[in-house]
Each structure stands twice: as structure tokens, then as C-alpha cells.
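User: I am new to this structure. Please take me through some of the terms used for it.

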Amino acid sequence: MDDLFSNIMLGFSVAMTPANLGFALVGCLVGTLIGVLPGIGPVATVAMLLPLTFYLEPVSGLIMLAGIFYGAQYGGSTTAILVNLPGETSSVVTCIDGHQMAKQGRAGAALAVAALGSFFAGCVSTLLIALFSPPLAKVGQSFGAPEYFSLMLLGLIAAVVLAHGSVVKAVAMVILGLLLGLVGTDGNTGGQRFTFGLVTLADGIGFVPVAIGVFGVGEIIANLIAGEERRSLVMAKITRLWPTGEEFSQAWRAALRGTALGSILGVLPGGGATLSSFAAYVLEKKVARDPSRFGRGAIEGVAGPEAANNAGAQTSFIPMLTLGLPGNAVMALMIGALTIHGIQPGPQVMTERPTLFWGMVASMWIGNLMLVVINLPLIGMWVQLLKVPYRVLYLAILLFCGIGVYTVSNNTLDVILTAMFGVLGYIFMRLGCEPAPMLLGFILGPLMEENLRRAMRISGGDPMIFVNRPISLGLLVAALILLVIVAVPAIRTKREEAFQES
Amino acid sequence: MSTPTPTTSPPWTHVLLRKDVLAGLMFIAVAALGLWLSRNYSVGTALRMGTGYVPRLLCWILLAIGALTFVQGIIAGEEIGSTDNSQWWRPFIFVPLSLIVFALAIERLGVVIATLLLVAIGAVAGQSMRIVEVAITGVLLVALTVGIFVWALGMPISVWPEF
């Protein structure tokens with residue numbers, strides 16, 4: 001317990017320096033700014049702004065990046081409530097009751113509950129990260145190559161199972177990502193793989209072009225093809241920001257349940273914000289005395305999912321920070337950012353770079369506090385932003401995608417790759433292929449191959465090493481159970497239901 | 001003479017346009033391309049894996065899953081559907097094109113001209129292009145880009161053409 005206290009103090013001493021406070025604030029502001037814009041989710045926002053943080057110190061860069069992530073997440077909720085356009089899948093359910101509330105003139109209450117619920121969830125989940133990361137990292141440090149390989153396999157399988165849409169296609173997308181990750185020079189043999197003889201591809205495909213292309217550019221193409229935006233902006237109705245006493249008493253329990261649910265689901269590989277918010281909505285509907293209120297402006301339908309998606313977004317940092325295992329696309333981006341800063345993600349981060357780890361944890365709490373301040377009093381400013389027409393916005397987004405990718409390594413080919421992945425991203429969308437599992441595969445591909453090779457060298461080429469080691473065996477069994485579960489028809493329909501609540 | 005086609009089974013074009021059928025074909029194509037490209041990579045043994053061991057293994061798995069997706073699509077599935085937009089090709093072509101032109105222009109012509117080119121070509125991708133609006137957007141974005149990336153962040157980007 002003493003350890004925890006001194007660690008948190010260390011974190012605050014890092015996060016509270018004027019420079020880092022400034023970076024957290026800028027991150028939250030810019031994240032909100034872009035997150036508020038309809039049609040750009042947190043993944044695209046983080047991917048787009050990632051290059052900006054490469055020029056900073058690793059700690060400052062990660063603090064800013066985390067701020068961007070929360071800001072984008074939060075901004076998406078604002079848009080969901082006011083415009084009925086979810087920025088990303090995690091705010092889809094917020095639209096249902098949040099926008100109804102706005103239509104009834106209760107937009108202020110919905111926004112306040114969303115903000116306060118998220119803040120509460122943020123506080124709890126930050127504490128959870130501080131509590132559970134050290135023991136988990138200790139477990140991680142005892143892992144050898146076979147355990148890591150099995151763990152990553154479990155992570156990928158969980159990502160597939162928890163992704164929405166077809167499981168088979170999600171598996172194919174993971175493998176596609178793994179293959180893309182292998183492009184370049186083979187670190188062990190020095191052989192060139194899938195480089196088409198291009199020198200620039202010898203270092204592999206950067207993850208920035210892939211992420212910005214698939215999530216940023218692909219989304220622009222999709223939005224433009226979908227045609228004229230049909231926005232129903234509820235304006236000039238935010239008279240009272242505070243919920244009434246009755247609304248408040250309905251909301252706090254929902255926020256509590258949402259926080260608990262989100263914190264658990266966020267840690268699961270493939271979990272995170274989206275799954276948490278959907279699950280919380282279903283839960284609120286189940287426990288409500290009068291479920292028919294849902295869909296007509298029930299405040300629990302805003303408080304629960306908003307708390308849950310923030311808790312889930314936050315606790316998904318746990319496996320990323322302690323094991324180096326990204327559970328969702330945003331965490332995959334974070335891993336990429338760490339790597340670019342020259343930090344090998346894994347359990348050693350906490351012991352070798354305690355200031356980085358604890359500084360980031362402390363900044364999470366600060367970021368959440370800043371967001372309440374940024375969002376509630378400044379809500380009018382964000383509303384103004386929503387008036388900018390998309391036909392102007394997409395040009396700005398397109399430009400930032402282009403210049404962002406270019407500045408990572410001053411490489412023309414990276415921008416061209418981004419354009420190509422943009423087209424691919426649109427095609428994936430049309431074919432119902434989720435791009436998030438692909439990004440996970442892409443990040444984990446080289447790591448998995450490396451660990452597979454090491455494991456084979458340890459065992460002398462005997463694949464039985466994966467089942468002879470107890471931890472590895474346990475992880476593989478867990479993966480197998482997940483696969484079996486998803487194949488059971490009854491559970492399969494339940495899973496589909498959970499993702500089709502809207 | 002001709003037997004009437006049974007009404008229960010859809011014409012083959014409709015089957016072909018199912019999401020899963022197309023996705024399956026895409027995965028099969030990628031896997032086949034990967035296997036062809038890696039045909040000369042040394043595979044090695046499990047103990048001493050060659051350059052091609054993991055890539056070829058993954059390609060074979062992708063081929064199998066692609067085939068599975070394809071078959072699933074043939075049996076049943078949702079069609080890809082039309083876009084309700086006769087001008088769908090405009091974003092599809094001009095969004096990536098604007099980025100490619102931007103990439104090729106930025107080193108030779110500088111960020112100002114590259115940005116204007118991106119805005120001009122990007123504007124063609126949208127349907128409701130208004131010349132004045134695009135011009136204003138272009139000027140604003142140039143100011144923003146130069147302000148943020150060149151002045152504030154001091155990134156090594158040339159502003160004007162270099163000869």
C-alpha cells in the first residue's frame with residue numbers, strides 16, 4: 001500500500017510539471033476538437049494526431065496522446081447527444097437516449113450526466129490501473145517466449161470473438177494484418193519479404209500509413225459516398241446544464257453499474273469502450289423497473305454506457321502497459337507510439353521506466369478532470385464547431401492525414417501507401433470486414449513470429465513446448481474455450497444481439 | 001425447349017455480389033498473391049525457420065479461411081447493395097488521388113502548392129463543390145499548415161518550390 005502511494009506520488013510529480021500539464025491540456029483540447037466532428041472516431045483521431053507527439057519527450061508524448069484519446073472519446077458523446085451522429089461505435093448507444101433527451105430540451109442534463117459519469121468512471125478505473133498493473137507486470141516478467149506467443153494468440157482470438165460481425169471474416173482480417181506486418185526485411189535471416197524490390201519497403205510498412213489510411217481516409221471516402229449529411233442538430237436548447245434531483249438519483253446508480261461493468265470488460269483483449277457501452281445499455285434496460293422508457297430519453301441510458309465506455313477505454317490500458325498486449329485498435333496505436341519512441345512495450349516498462357509509467361497513470365486522472373472542465377463550460381464552443389459543413393471539414397481532415405503521415409519520416413511513399421490503404425479501408429467497410437482485428441494482427445505479427453522462433457529454438461523445434469509449459473497451456477486452453485463458446489449457436493445469437501441493440 | 005429457371009435460387013450475379021462471396025474472393029486473391037510472391041523464399045525447418053516459413057504458413061491459412069468465407073457466402077448472405085449514389089466513383093478516385101498528388105508535390109513544390117493541389121483535387125471528390133468556398137478553405141488551410149507544422153513545430157518541410 002505504501003508502494004502504491006509513493007508510486008502515485010511519483011506519477012503526479014511527473015504529470016504535474018507545467019509542461020506536461022500543458023501537453024495534457026492541449027491533447028484533451030485537440031482530441032475534443034476533432035472528436036466532436038461527426039464521422040471521425042477516436043481511432044482515426046489518435047492515428048491522425050500521432051505524428052504530432054513524436055517530436056516530444058516519450059512521457060510528454062504519451063501523456064498528450066492519452067489526452068487526445070479521452071478528448072476524442074468525450075467529443076464523440078457530445079456529438080451523439082446533440083446531433084444524433086455517433087463519432088464511433090462506442091457512442092452509438094449514447095445516441096439512442098441522449099438525443100431523445102436533447103430533443104426534449106434536456107440536452108444540458110444529458111451532457112452533464114455523460115461528463116460526470118465519465119469522470120467518476122475515469123477516477124475509479126485509474127485507481128484500478130494503479131492497483132492491478134504491478135502484480136500483472138510481475139506475472140508478465142516470468143513469461144518466456146512460449147508464454148508470450150500463447151498470450152498473443154489468446155489476445156488475437158479474443159479480439160476476433162469480441163469484434164462485431166462475422167467471426168470467420170475477423171480471423172481472415174487478423175491473418176491479413178499478420179501478413180502485412182511481415183512485409184520488409186526478416187530480422188533473423190535478412191531475407192526480403194513482399195517488398196516488390198522497393199528499398200523503402202525493406203523497413204516494413206509503417207503502422208501510421210496503415211492506421212490513418214484504413215481508419216481516416218477510408219472513413220472520408222465512405223462519408224462522401226454516403227452523400228449529403230442529414231444532421232439534426234439540436235441547438236439553443238441548452239438552457240440548464242445541471243440535471244434535476246430526480247434525474248441525478250436515477251443516474252448515479254447507472255453510472256456505478258456502468259463503471260463496474262466497463263472496468264471488467266475493458267481489460268479483456270478485444271474489449272474496451274465499444275463492448276462496454278453496448279453491454280452497459282443492455283444491463284440498464286434489464287435492471288430498469290420500466291424498460292419502455294428506454295429509447296425515449298431515459299437518463300440511465302446515457303449515464304450507464306457513458307461511464308462504461310470511459311471505464312473500458314481506461315482499463316484497456318492495463319494489458320497494454322503491463323504485458324505489451326494491445327486489446328483494441330487504439331491500444332495498438334499506443335504500442336506503435338511507444339515503439340517509435342524507442343520503448344519496447346512489455347512488463348519491463350514499469351520497472352525500467354517508472355516515471356513514464358506512473359506519470360502516464362497520474363495524467364489519466366488529470367486528463368479526466370480537464371475534460372469535465374473543457375466540456376461543460378465550453379460546450380457552446382463545440383456546438384459552434386458542429387455547424388461547419390462536412391464539405392469543408394473533410395478537406396481539412398484529408399490534409400492533416402496527408403501531412404501527418406508525411407512528417408513521420410518525410411517519406412513520399414508513406415503518403416501514397418496511406419491513399420492505397422484508404423481505398424482498402426473503404427472496400428473492407430463495404431464487405432463487412434472489421435479493420436480493427438487487422439490492425440492488431442499488424443502490430444503483433446512481427447512480435448509473434450519472433451517469439452515463435454525463440455520458442456522453437458528453446459525446444460529444439462518441438463511444438464509440444466506450448467502445451468508442456470503450464471502457463472502457456474492455460475492461455476491456449478482459454479483461447480480454445482473462447483473459440484468453442486463462439487461456435488455454440490445459442491451464444492452466437494446472444495453475441496449478435498448485444499451488438500445490435502440500436 | 002428451355003426449362004424455366006427455379007425462382008428460389010437467385011441469379012448468379014446476385015450470389016456473386018454478396019459481401020461474403022466478394023470478401024472470400026479477396027482473401028483468396030491476397031493469399032494466392034502471397035504464395036506466388038514467396039515461392040522462392042526458403043522455408044527451413046521449425047527449428048531453423050527460413051524467411052518464408054511464417055509468411056507461407058499464414059498464406060495457406062488465409063487461403064483456407066477465404067475459401068470458407070466464399071462458401072458461406074454462396075450458401076446465404078447479405079448482398080453488397082447499391083450506394084444510392086451515381087457519383088460514387090468521385091470520392092473513390094479523387095480522395096486517394098489528392099493524397100498521391102500531395103505526396104509527389106510536397107518535396108519539389110513545397111507545402112503551399114501541395115496543400116492547394118490537395119484541396120483542389122479533394123474538392124472534386126465532394127458533390128457540392130463551390131468555387132469560392134473551396135478557395136477560402138484552401139487559403140485558410142495553407143495558413144494553418146504553415147503556422148502549425150513549419151513555424152510552431154519547426155518541422156523540416158519546404159514552404160516554396162525548390163529549384
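Predicted model: local features only at pLDDT ≥ 70, side-chain atom pairs only at ≥ 80, totals over all residues.

User: Why is V477(A) called partly exposed?

Analyst: Partly exposed lies between the buried limit of under 20% and the exposed limit of over 50%. V477(A) has 38% relative accessibility, so the residue counts as partly exposed. V477(A) sits in helix α22 of chain A.

User: What makes up the nonpolar surface patch?

Analyst: M464(A), V467(A), L473(A), V477(A), I481(A) and I485(A) form the patch, which covers about 450 Å². Helix α22 (residues 470-487) of chain A gives the largest share, 4 residues.

User: How do you know that E147(A) and R469(A) meet in a salt bridge?

Analyst: The cut-off is a nitrogen to oxygen distance within 4 Å. The side chains of E147(A) and R469(A) come to 3.4 Å, N to O. The two residues are 322 apart in the chain, with E147(A) in helix α7 and R469(A) in the loop between α21 and α22.

User: Is E147(A) buried or exposed?

Analyst: Buried means under 20%. E147(A) has a relative accessible area of 5%, so this residue is buried. R469(A), at 29%, is partly exposed.

User: What makes the pair of K169(A) and D20(B) a link between chains?

Analyst: The closest N and O atoms of their salt bridge are 2.7 Å apart. K169(A) lies in helix α8 of chain A and D20(B) in helix α2 of chain B, so the pair crosses between chains. Both residues are buried.

User: Which residues join D186(A) in one network?

Analyst: R193(A), E449(A) and R453(A) do, through salt bridges that share partners. R193(A) and D186(A) pair at 3.9 Å.

Key:
Residues numbered from 1 in each chain as written. Chains lettered and ligands numbered in written order. Heavy atoms only, no water. Patch = residues over 30% accessible without salt bridge, like charges linked within 9 Å, V, L, I, M, F, W, Y side chains within 5 Å. Areas by Shrake-Rupley, 256 points an atom, 1.4 Å probe, with all protein chains shown as cover. Buried < 20%, exposed > 50% of the residue type's maximum accessible area, 1.4 Å probe, protein only.
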